[in-house]
Amino acid sequence: MARNPPIARVLPFPVVDEAWRLALVPALAGAATLPLFPPVGAALVALALGVLWFHRDPDREPPDADGTVVAPADGIVSVVREEGNRLRVGVFMNVTDVHVNRAPIAGEVREVRHRPGANRPAFSKESDRNEQVAIDFGEYELLVIAGWFARRIHPAVEPGDTVDRGERVGHVSFGSRADVILPADVDEDDLLAREGDTVRAGETIIAERESAVDERE
């Protein structure tokens, strides 16, 4: 389907490209059913619009300050823990949140890995074993973890791509979690996010690397 179909001109919000394909079937079925069974047709059209709304893709303004680490997703911080000598911060994306993921730190993609797994609720402890896609930037990793309903993780980057802080790196459909394994030089004193905090992808600062503090002193 076209990247910018005619309806995109009247839709009050931008969406990711995949949304048009996902919304096509209920939209066509709704249009065909509406004259014969109006309630069913209206429900299918509403479903198509809901799919588009879920996949909305608003612009974001990353902070200008050097050394800051921004949230990889919209949602609530559900995980803050140590893993070896690294810190892991996870953001649970509810169904009402924007599901476009963004790079917490500028860098070059070294590897994009897919790991099959279970489909536990993304807010549960067992979700670490869920299906996930890992985007490896060398000094840090971004892990997009599928939830109980999510089955589609769509990375938008490949090995060798260079991204800026806050740049789009992919999206996931229908509920999930995005975790960042922070660089080794980020410790607990550098964290600005705590479990329960609400964050916005590409804009909310979740950590401030010590090098950035030193540069301003």
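Predicted model: local features only at pLDDT ≥ 70, side-chain atom pairs only at ≥ 80, totals over all residues.

Residues are numbered from 1 along each chain as its sequence is written, and side-chain values use heavy atoms, with hydrogens and water left out.

**Exercise 1.** Find how many salt bridges the model holds.

Solution. Begin with the rule, by which a side-chain nitrogen of Lys or Arg must lie within 4 Å of a carboxyl oxygen of Asp or Glu. Applying this rule gives a count of 14 salt bridges.

**Exercise 2.** Determine whether Arg177 and Asp179 are buried or exposed, and state which network includes them.

Solution. First, the closest N and O atoms of Arg177 and Asp179 are 2.6 Å apart, and the two residues form a salt bridge. Next, both Arg177 and Asp179 are buried, where buried means under 20% relative accessible area, exposed over 50%, and partly exposed in between (1.4 Å probe, protein chains only). Finally, salt bridges link Arg177 and Asp179 in a network with Arg81, Glu83 and Arg88.

**Exercise 3.** Classify the exposure of Arg200 and of Glu203.

Solution. Start from the contact, a salt bridge between the side chains of Arg200 and Glu203 at 2.9 Å, N to O. Arg200 has a relative accessible area of 40% and is therefore partly exposed; Glu203, at 25% relative accessibility, likewise counts as partly exposed.
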